[in-house]
Amino acid sequence: MKRYILFLIASFVALSVSAQKITHDFRDVSMSKALKIIEANTSKYKINFIYNELEDFTVTTSIDKKTVPDAVRDVIGFYPIRMTVDGDNIFVECVQKENTKLIGEVVDKRGQPIVYANISLLSARDSTFINGGVSNLAGKFVIPCSAKHALVKVSCIGYMTKYVEWTSGEECDVKMVENSKVLGEVVVKGHRNFIKSTNAGLSISMDNNPLSKLSSAVDAIRQMPMIDGSENDISVLGKGTPEIYINQRKVRNISEVSQLSPQNIKSVDIITNPGAQYSADVKSVIVIHTKRLDSGLAGVVKLSGSQSEVSSGSTDADMSWINKNGLGFYASTNLSDDGFKQNRIYTEKFNENKDETITHGAYKKRSESLRFTVGTSYDFKDNSLGIRYEFSRTPKSKFTSANNIWTNADAGPDSIYSSSNDNSRSLRHYVNAYSLFKFGTKKNYELTADMDYLYGNSNSGSETEEQGLSYQQNINTENNSTYHLTATKANLKAVWNCITMNVGGQYSYTKNIQSFAGSTSDAKNFFEPARDKEKQHLSAGYASLNYKYNKYWNVDAGLRFENADFNYEQNGIIIPTQSKTYNDWLSSLGLNYSNNGLAMGITYNTNISRPSYSMLNNNYFYISHTSWETGNPLLKSSKDHNIDLRFSYNHTYVTASYTRRKRYISTTYTYLESQNVNVRQEINLPDYDRFQIVGSQSFDIGRWHPTLQGLVQFQNLKYGSPEKRYDSVLGKLEINNRFDLPWNFYAYLSGMWLTKGNDATVYSNGGAMLYMMLNKSIGKWSFNILANDFVSSWRQKNLVETNGIYYLDNRKGASCFVRLSVTYSFNHKNTFKGKGASKEELNRL
């Protein structure tokens with residue numbers, strides 16, 4: 001009997017707990033207090049939230065016999081607040097984390113609250129939509145925003161729409177007037193402005209942006225203003241390849257960005273004028289800010305396949321887990337099998353135009369690669385620590401060519417058949433650790449530190465066979481490279497009222513060892529075995545300051561000092577002429593003005609570009625029967641002095657730039673008479689000037705959203721023996737179109753036209769390309785199909801004429817392909833915040 005009584009008591013208790021309901025009448029209480037009241041009436045759930053984050057939101061509602069999660073949902077109402085249930089824990093947070101909030105009340109002429117009135121926050125400049133909300137049962141509303149001045153639009157059925165000017169710090173109380181007229185059906189359409197001009201460039205919001213529905217962050221960024229989307233990579237118009245960050249972690253491989261789902265991105269900053277805190281070779285920066293990670297398990301899985309002349313495919317998986325205390329673990333992997341096929345024509349004229357070689361070839365490449373990453377991070381309050389390990393390997397990469405060569409460079413005209421097989425493999429170990437601490441009474445100090453260690457090696461071998469009517473030769477080469485890198489970087493950021501300052505230092509040690517061996521069947525001593533060792537100690541210190549004079553004007557200034565101690569050793573012997581110490585002072589200064597959407601600025605800065613280590617070796621590589629490629633140990637770093645004038649208004653962005661290029665590194669050809677071949681080599685050019693104009697204009701025309709952008713550049717370069725002018729104007733024009741189709745389909749159609757013209761010593765023969773993309777998202781699934789160069793119009797046709805040598809490189813293929821991507825994602829992306837200490841040195845390896 002006792003057993004049955006105990007069973008009934010246990011059942012009653014369990015039933016009572018499971019059926020626990022909340023009943024309460026809330027009247028104009030803060031959100032934090034309402035949540036505390038709900039938590040006090042339950043023994044099952046613990047409600048977690050940040051008090052200051054929710055204190056400004058008020059609650060007026062009646063709850064009658066609701067479960068705890070439903071009660072929390074009722075008090076949240078239409079506020080931008082998210083609730084997550086994890087077992088016995090309920091997490092409540094504001095999803096729009098702005099320091100400024102528009103707070104107000106909507107009443108009628110009798111002072112009675114108006115419920116469910118629509119409040120829209122509009123730009124005071126052009127009335128574009130910024131944010132919005134709905135009044136609660138007490139007629140009150142709270143809307144987070146970053147604007148200091150705005151236009152508030154309040155509308156409700158039965159009342160006349162009202163507009164009120166608002167300034168940050170003021171409450172917005174609106175009295176509505178009844179509308180005595182009966183209106184027919186009215187459809188109002190608006191276009192939200194996702195793009196904002198900043199002193200350093202542009203900031204693009206991804207919240208509710210159609211770009212957030214694409215399958216990868218790379219596809220989304222390619223559609224943004226000032227981004228050159230004509231290649232399969234990411235490039236900033238007029239600035240080249242940017243340095244990319246995800247939150248505060250520096251990206252080492254573009255595949256990391258491809259793995260990132262745009263739905264998890266909060267905003268993207270495109271910085272066209274980086275400050276002194278960035279490395280000397282950085283000309284542009286893209287910072288991807290991700291949304292805050294929810295506790296629990298998160299992941300993104302992506303399958304991608306493409307078909308061009310050959311098929312390619314890749315698989316990406318990214319998993320992370322974080323607990324409610326901020327401790328997170330994550331792992332990601334990437335497997336890919338890629339390839340391409342091209343037809344190429346090389347035309348060479350040399351030896352005072354007496355000799356000519358024309359090579360028709362079919363080129364193929366196939367490579368397999370894998371990447372695996374594990375890491376952990378710990379976020380506590382405003383601080384963060386983390387460590388990350390990445391292993392990448394290319395176990396197999398094969399490049400083959402079959403060429404038909406006609407030449408008169410030998411004893412007489414001859415037709416030669418050439419075949420080549422290049423096999424290579426590589427691996428890399430990379431460790432990054434970081435720390436981020438905020439301190440001070442107002443958390444106005446931020447100290448970040450990063451440490452890197454990297455080890456890698458690569459091996460390649462080439463076998464080439466040439467056979468003519470009276471000629472046969474075998475050419476074999478072998479290259480091996482091993483590198484080590486250790487680096488650290490620290491930065492202190494301080495904010496005092498109208499002043500923001502960054503002070504920091506950086507150090508890296510690099511050791512790179514390269515060995516080369518080669519032979520020819522005719523036993524000519526064209527190849528000398530060599531073992532090169534490069535060692536460098538790079539130290540840098542910098543300080544940058546931004547002073548905001550008033551709400552319209554601000555000044556940027558920065559100073560960076562770099563010391564590079566470089567040691568070059570060949571076959572165990574130090575070469576004094578190439579082992580040098582370089583000291584460089586790099587300064588920047590800018591003046592900026594902004595007012596109601598109009599922004600202007602003028603900036604001066606300097607950049608240094610150091611040659612890659614492969615450019616510094618003496619190894620030779622076979623290109624064609626009469627063409628070889630080698631490095632240049634005498635190369636020096638190039639230095640650019642830049643003056644940029646920027647203008648933006650509404651959706652118009654224009655930058656005019658002047659650059660004085662000193663010791664710019666570019667490709668040249670020289671005739672080697674003893675071997676009767678042309679040698680390609682990178683050299684430091686004479687100093688010259690470059691002028692450039694970059695512009696972008698976006699429109700919103702119903703469901704059609706076009707962006708027109710392009711650049712024009714001119715240079716006054718003179719070089720060579722005999723001296724030649726390289727001053728043809730070069731231009732590029734792009735148009736990106738987005739079409740918002742029914743059923744939440746989005747279509748993209750883009751085109752690019754490149755004119756003929758010079759960039760350094762390279763003369764482009766121009767070209768055109770079209771590509772289109774179709775996107776559809778269904779829940780957590782995203783489907784994306786891309787047709788690149790779908791009319792097969794693109795040709796890579798570049799000419800280099802130096803020192804009396806004519807070399808035309810004409811390529812077709814590897815640009816026309818169709819790619820299908822399927823992405824499944826849940827929760828959000830990991831939040832590792834390490835910046836990396838050595839991006840500049842990593843790029844050189």
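Modeller: Strand E45 and strand E46 (residues 745–754) run antiparallel and are joined by 10 bridges, where strands are DSSP runs of E with at least two residues, numbered from the N terminus, and two strands pair if DSSP finds at least two bridges between them. This is a predicted model, in which local features need pLDDT of at least 70, side-chain atom pairs count only at pLDDT 80 or more, and totals for chains, interfaces and linings use all residues. Residues are numbered from 1 along each chain as its sequence is written, and side-chain values use heavy atoms, with hydrogens and water left out.

Colleague: Which residue in the turn of the hairpin formed by E45 and E46 has a positive phi?

Modeller: In E46, phenylalanine 745 is the bridge partner of leucine 741. The hairpin has 3 residues between its strands, and the one in the turn with a positive phi, of about 60°, is tryptophan 743.

Colleague: What volume does the second largest cavity have?

Modeller: A cavity is a set of points on a 1 Å grid over the protein atoms alone where a 1.4 Å probe fits but cannot get out, and lining residues have an atom within 4 Å of a point. Of its 18 lining residues, Ser197 and Gly201 are among the closest to the centre. With volume taken as the space filled by probe spheres set on the points, which are joined across faces, edges and corners, the second largest cavity comes to about 180 Å³.

How values were computed
On a 1 Å grid over the protein atoms alone, a cavity is a set of points where a 1.4 Å probe fits but cannot get out, and a pocket is an open set with protein on both sides within 12 Å along at least five of seven lines; lining residues have an atom within 4 Å of a point. Helices (H or I, at least four residues) and strands (E, at least two) are DSSP runs, numbered from the N terminus.
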